[in-house]
Amino acid sequence: MKKLTMTLLIGLTFTSSIFAATLSNEIKNSSLVVYNSNLGLVHEERDLRLHQSDTSIIYKGVAKSILTDSINAEISPDVTLLSQQYRFDSLTQAKLLQAYIGKKVEVRLLRNKNEFKLISATLLAFNGDTSLVKMLDYKIITVKSDNIIFEEIPDTLITQPSLVWNIKNKKDVHTTMKLDYLISNISFKSNYIINLDGERADLSAWISIDNRSGKSFESTKLSLLAGDIQQKPLVQKIYKRMGVANTNTAVAEKSFEGYHFYTIPFNVTLANNETTQIKFAQENNISIQRLYSVTLDNPLYLHGERKNDVSQFIFFKGLDIALPQGDIRIYSQLDKQSILLSENVLKHTPKNSSIELRTGTSFDIKLSQKVTQRSDTKEWFNVDVEYVVKNSSDVNKTIEILVPFNTYEYSKVRTDEPHTLTKGNLVTFKIQTQANTTKKFNVNYESKK
């Protein structure tokens with residue numbers, strides 16, 4: 001079986017160089033769909049001319065990271081694809097020597113101490129650092145392999161990542177060859193910048209495409225699909241059902257099969273081993289709210305006194321565009337200087353969904369909780385807790401206090417402070433504090449353990 005495979009390979013390599021079709025180097029209607037899961041879907045079209053005698057097609061310049069089991073080639077009903085290979089001959093001296101056995105080469109020979117002469121010869125064999133050549137006078141000599149000069153790279157070596165098809169033709173064909181295939185080592189992520197100005201904010205959104213696929217994409221239509229796909233059955237379906245052409249000046253976004261599909265309205269060049277950033281959204285003058293929140297101890301487990309920091313957030317209503325998951329940074333201005341307030345990860349956010357982002361720990365708001373009385377039995381607990389909220393800022397602020405408390409039929413929360421029960425296990429207080437003041441309130445909790 002191994003011998004048969006080797007014979008087929010050699011035969012295909014030979015026929016591809018002599019009886020190969022004429023395939024244009026110009027790529028038409030190229031497009032690329034990039035997923036945020038190290039996956040890309042490539043579409044290319046090239047002009048193809050075949051003679052009936054042609055036995056192979058060499059398609060040069062595919063991505064190095066091509067997934068060969070995903071290749072889908074469309075040519076003509078008059079052409080039958082018999083076999084398919086991925087070929088990439090990384091150029092080395094040994095491969096060149098092997099390809100030139102039996103062919104004419106030039107050999108650099110030392111004439112005297114400082115002078116060389118070039119002679120024509122036929123390469124007969126090579127063994128590492130030395131080679132055998134036959135001179136024009138039919139004498140055979142041994143020379144250093146480094147002194148052999150090659151005229152060109154032979155057709156039998158394919159020095160770009162390429163696909164080679166062994167074919168059978170019914171007649172001469174002039175057609176457009178269409179090719180789709182998947183690649184790895186390409187992905188995108190979103191980056192967001194929020195600039196705060198009082199109770200308003202501007203948001204800019206960028207897409208960063210990291211291309212390590214082993215191929216550069218020149219002036220291609222680019223689309224992005226946000227979401228975690230089940231890769232095997234879905235990828236081809238997405239490509240065939242979604243159009244990527246768009247004449248608008250802004251990035252177009254569509255909901256599709258439970259995911260979100262973004263189309264860049266201009267052709268993009270993605271160099272290999274580079275990251276390219278594209279702006280895809282800008283929202284100005286967003287109305288925001290500032291929130292302050294702290295989650296405390298379940299009174300069942302609270303003993304003695306504890307001090308707690310208060311987290312601060314910004315909140316705004318959802319935008320009319322879905323936002324893919326990505327890093328988000330929040331800045332504010334102080335004396336015309338930008339100050340970084342926080343870095344967060346924004347999860348996949350559907351359009352019109354409210355967004356709450358933590359900006360850090362409040363410097364001016366502190367809270368303490370202290371048990372003032374406790375009376376427990378084996379099955380029940382009864383505890384009095386004093387809460388102290390200190391607002392050292394020059395602004396009135398409302399602090400949300402969340403207390404875990406599993407309620408049962410006879411559970412009770414006794415306090416003069418307004419509160420709500422959320423999902424049966426959180427007691428929520430909205431405490432309004434004046435600037436530079438301290439507020440205290442007491443709560444009695446009674447429940448089963």
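Accessible areas here come from the Shrake-Rupley method with a 1.4 Å probe, and for residues only the protein chains shown count as cover.

## The chain at a glance

By that method, the protein chain exposes about 25100 Å², with carbon and sulfur atoms supplying 48% of it. We're looking at a predicted model, where local features need pLDDT of at least 70, side-chain atom pairs count only at pLDDT 80 or more, and totals for chains, interfaces and linings use all residues. Residues are numbered from 1 along each chain as its sequence is written, and side-chain values use heavy atoms, with hydrogens and water left out.

The protein chain has 3 helices and 31 strands; helices (H or I, at least four residues) and strands (E, at least two) are DSSP runs, numbered from the N terminus. Of its 449 residues, 43% count as buried, where buried means under 20% relative accessible area, exposed over 50%, and partly exposed in between (1.4 Å probe, protein chains only). Take the contacts in the protein chain with a separation of 6 or more: 70% of them come from residues 24 or more positions apart. A contact means heavy atoms within 4.5 Å.

S4 pairs with strand S12 (residues 162–169) in the antiparallel sense over 5 bridges; two strands count as paired if DSSP finds at least two bridges between them. Within this pairing, Tyr 59 has Leu 163 in S12 as its bridge partner.

Ile 71 is found in strand S5 (residues 66–74) and counts as buried at 16% relative accessibility. Leaving aside neighbours within four places in sequence, Ile 71 is in contact with Ile 66, Gln 84, Leu 163, Trp 165, Leu 179, Asp 180 and Tyr 181.

Thr 175 sits in strand S13 (residues 173–184) and is buried too, with a relative accessible area of 19%. With the neighbours within four places in sequence set aside, Thr 175 is in contact with Arg 46, Asp 47, Leu 48, Ile 75 and Ser 76.

## A hairpin and a nonpolar patch

Strand S9 (residues 130–135) is where Leu 132 is placed. S9 pairs with strand S10 (residues 140–144) in the antiparallel sense over 5 bridges, and Ser 131 stands opposite Val 143 in S10. S9 and S10 form a hairpin with 4 residues between them, and Tyr 138 in the turn has a positive phi of about 70°.

Leu 132 is partly exposed, with a relative accessible area of 35%. Together with Leu 124 and Ile 140, Leu 132 makes a nonpolar surface patch of about 240 Å². Patches are made of residues with over 30% relative accessible area and no salt bridge, like charges being joined within 9 Å and nonpolar side chains (Val, Leu, Ile, Met, Phe, Trp, Tyr) within 5 Å.

## Salt bridges

How many salt bridges does a search of the whole structure find? It finds 12, a salt bridge being a side-chain nitrogen of Lys or Arg within 4 Å of a carboxyl oxygen of Asp or Glu. One of them joins Glu 44 to Lys 215, the closest N and O atoms being 3.1 Å apart. Glu 44 lies in strand S3 (residues 39–50) and Lys 215 in the loop between strand S15 (200–211) and strand S16 (217–226), so the pair ties together parts that are 171 residues apart in sequence. Glu 44 is buried at 2% relative accessibility, and Lys 215 is buried at 8%.

Asp 309 forms a salt bridge with Lys 366, with 3.0 Å between the closest N and O atoms. Asp 309 lies in strand S22 (residues 305–316) and Lys 366 in strand S25 (residues 355–376), so this pair ties together parts that are 57 residues apart in sequence. Asp 309 is partly exposed at 46% relative accessibility, and Lys 366 is partly exposed at 35%.
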